[in-house]
Amino acid sequence: MPEQAAHRAAIVEYQHVSKSYATAKLPRSAPGAVNDLSLTVPAGKICVLVGPSGCGKTTSLKMVNRLIEPTSGRILIDGADVAGRDATELRREIGYVIQQVGLFPHQTVGANVAVVPRLLGWPAARQRERAEELLALVGLDPALYRDRFPAQLSGGERQRVGVARALAADPPLMLMDEPFGAVDPIVRERLQNEFLRLQAELAKTILFVTHDIDEAIKMGDLVAVMQAGGHLEQFAPPAEILAAPASEFVADFVGADRGLKRLSLTRVGEMALQPVVTARAGDPAGEARARTFADPFPYLLLLDPSDRPLGWVNQRHIPGTGTLARSLATPMSPLLDRRTTLKDALSMMLDADVQTGIVVDRAGRLRGVLTVEAIAAALRPSADPEVIAAGTSGAGS
Amino acid sequence: MIDWVWLAGHLDAIVYRTWQHVYLAALGVAIGFAISFVLALVAARYRLLYSPISALAGILYTIPSLALFAALISITGFSVVTAEVPLVMYTLVILVRNIVAGLDGVPAEVLEAADGMGYTRRQRLWRVELPLAVPLIVAGLRLATVSTIGLVTITATISDAFGGLGYFILDGYHRLTFLTEMYAGALPSILLALGADLLFVRVQRRVTPWAQARALEASS
């Protein structure tokens, strides 16, 4: 999927970009200034600019579509300096989403979505078609929403229309300035997930600004942490930011719970699962008992004929003769699937007061077990970087 | 009380004067709007000019109309120009301020979105800012039109050739307060003002369906 979409995604390069708002009265750095920013956003990735207010993240974003001009340095899109482009033409090729959305109140939802195609002079029928396609894409029924006015939408619906509008001309690059900042946390969570699902298909290059480190970690393939004065403190995949903060500022900014935050980056499917002694209900008990005693883990996992877990049997409760009865199985560990994050897995285990979670596939069949120790091991800063790196790709899905 | 015979004999004159009244008022508002529109765009584009423009319109508004007629007659004679100059002048203060307020009322995020989408300055003005300013612009036109319809009556003081329905009011007054004739001027003039007011409310609703949607949403 990234292969075929690759030509529709741009590479953005900041080269020693600075923006100074210094004046005679205020010779020191002012809020929003940017200081010698250099970074490259690879095609098809979400790069999140995150930092406290006044750190220059929004300024950095707006310099890409020339809403703000840098004091020095260059910004290249696919190798071409944006300063050499006509500003309005450039902006029509870049999707733009802002926190307050800024839908045009006097235009219908359909007309709002078709703004850029209209500016580009698409035929009216194609504009309409595209607007309907995009409304459907962001989860709004075109027949219901096309002819409404923005005042008739909820906050979440407006944000969706804002995203649809930015996507209208299929831009290779999107700039998103706190796009989900104006809605309540539950709606935000849903919009984030929907957007990540959309991005998995579209594979646009996205520059995303937020002040919320959790959002940055969730949304970013790459995260740029900025500090007041417009200094880039660290530019790395989220897992690396959490595992190895480049400075005290980054460590503080990601928070004391950064270890726990890393748990939400990795999914159960990316962990090496441990095997466990199993037997099917109805199997001979003696043989199962012997196998369980031979294993350091003192429990047998009883399965039904389709390999679905029934529950644990303590080795001491396994009869020496006869067959294994279903009734032997005692309370279950939580069932995890491949897509459960380690954070949720750990939380489920703590809730159930157990040390082990049972991992099953979509049909409910046993895949293995995951222990609290294994999760703790993955958290250690010295943990195998391969495992952590694998976590980043999963964060975007 | 009412001299019906006089009325019956002057129906033609009343109709003619009513049309003249409408014509003088409409011309004044139309020219006033054209001038105000340009001034307001200049003021909105170059903010520094807003205060002087607004102040000038305010000062013009304070000049007594009778003094103005007297002064103008020596320049433009007993022409329609003499009648229209004060009418136009008095619309400026209302229209300029309302148009500028309408443009100022466009939310900052809408402007930012328009810029970010790639509107040129001109496209942004004509397709975003002015449409969103329409409610306040129409409100200004309403007020200007109603007050101009009232003011047209005093153009009767220039000469018998002007004044619209004001001609009857002044003439009735000169005939030692012939009430029937004064009513024949005043009542239609009031009806014209009310009719214009209603017309603008209708027009407003028709051209800004989005504002109705917002009002409905706010009340629900």
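Select strand S3 of chain A together with strand S8 (residues 205-210) of chain A: the two pair in the parallel sense over five bridges. Strands here are DSSP runs of E with at least two residues, helices are runs of H or I with at least four, and both are numbered from the N terminus; two strands pair if DSSP finds at least two bridges between them. The model is predicted, so local features need pLDDT of at least 70 and side-chain atom pairs count only at pLDDT 80 or more, while totals for chains, interfaces and linings use all residues. Residues are numbered from 1 along each chain as its sequence is written, chains are lettered from A and ligands numbered from 1 in the order in which they are written, and side-chain values use heavy atoms, leaving out hydrogens and water.

Next, select A:Val48, which stands opposite A:Phe208 in S8(A).

Buried means under 20% relative accessible area, exposed over 50%, and partly exposed in between (1.4 Å probe, protein chains only). A:Ile46, A:Val48 and A:Val50 cover one side, and A:Cys47 and A:Leu49 the other.

Move to chain B and select B:Met89 in helix H5 (residues 80-104). B:Met89 is buried, at 12% relative accessible area. Finally, select B:Leu191 in helix H9 of chain B; B:Leu191 is exposed, at 59%.
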